[in-house]
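Here's a quick briefing to read alongside the structure. Have a look at the model first, then we'll walk through it.

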Amino acid sequence: MTKLRYNFKSDVLFKVFFVRSQDQLRQLVAAMLKIAIESIERFEVTNVEIPPDVVGDKFCRLDINMIVNSQHVNLEIQVHDEGDFPERLMYYWAREFSSKLQEGKHYIELPRT
């Protein structure tokens, strides 16, 4: 028996299987988060690198961006535990949260993120 070199935590396999079938990916995400699939208002596989504001700072990579019950939600696959999850989570949250307020708007208008 041949052992597979990849598993579904591999970014490549995840993309090949689920990006082509976003309906199934949406169902999987809803099941994993234990939410009703109807509560997902927007679902987008972005998996883009977000460039830093300053040259030399870190890039962010977001895999799935969605709106659930009017709240912005970002999901990413963490393949290896690098021991920095709380800091990583806060960094991604801050980038997402701060990008939602347009000039001239009031802070009260920031969406839950």
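How many helices and strands does the protein have? This is a predicted model, and the protein has three helices and three strands. Going along the sequence, they come in the order α-α-β-β-β-α.

**The whole chain**
- The protein runs to 113 residues, and 23% of them count as buried.
- Its accessible surface comes to about 8900 Å², with 57% of that belonging to carbon and sulfur atoms.
- Take the contacts with a separation of 6 or more: residues 24 or more positions apart account for 39% of them.

**Helix α2 (22-33)**
- Which residues of α2 are buried? They are Leu25, Val29 and Ala30.
- Looking down the axis of α2, those buried residues fall within an arc of 135°, so they line one face of the helix.
- Here's the background: an α-helix has 3.6 residues a turn, so residues three or four places apart point the same way.
- Asp23 and Ala31 are exposed, and they sit on the face of α2 turned away from its buried side.

**After α2**
- Is Ser39 buried or exposed? Its relative accessible area is 11%, and buried means under 20%, so Ser39 is buried.
- Leaving aside neighbours within four places in sequence, Ser39 is in contact with Ile67, Val68 and Asn69.

Key:
Residues are numbered from 1 along each chain as its sequence is written. This is a predicted model: local features need pLDDT of at least 70, side-chain atom pairs count only at pLDDT 80 or more; totals for chains, interfaces and linings use all residues. Side-chain values use heavy atoms; hydrogens and water are left out. Helices (H or I, at least four residues) and strands (E, at least two) are DSSP runs, numbered from the N terminus. Buried means under 20% relative accessible area, exposed over 50%, partly exposed in between (1.4 Å probe, protein chains only). Contact means heavy atoms within 4.5 Å. Accessible areas come from the Shrake-Rupley method with a 1.4 Å probe; for residues, only the protein chains shown count as cover. The arc is that of the directions from the helix axis to the C-beta atoms.
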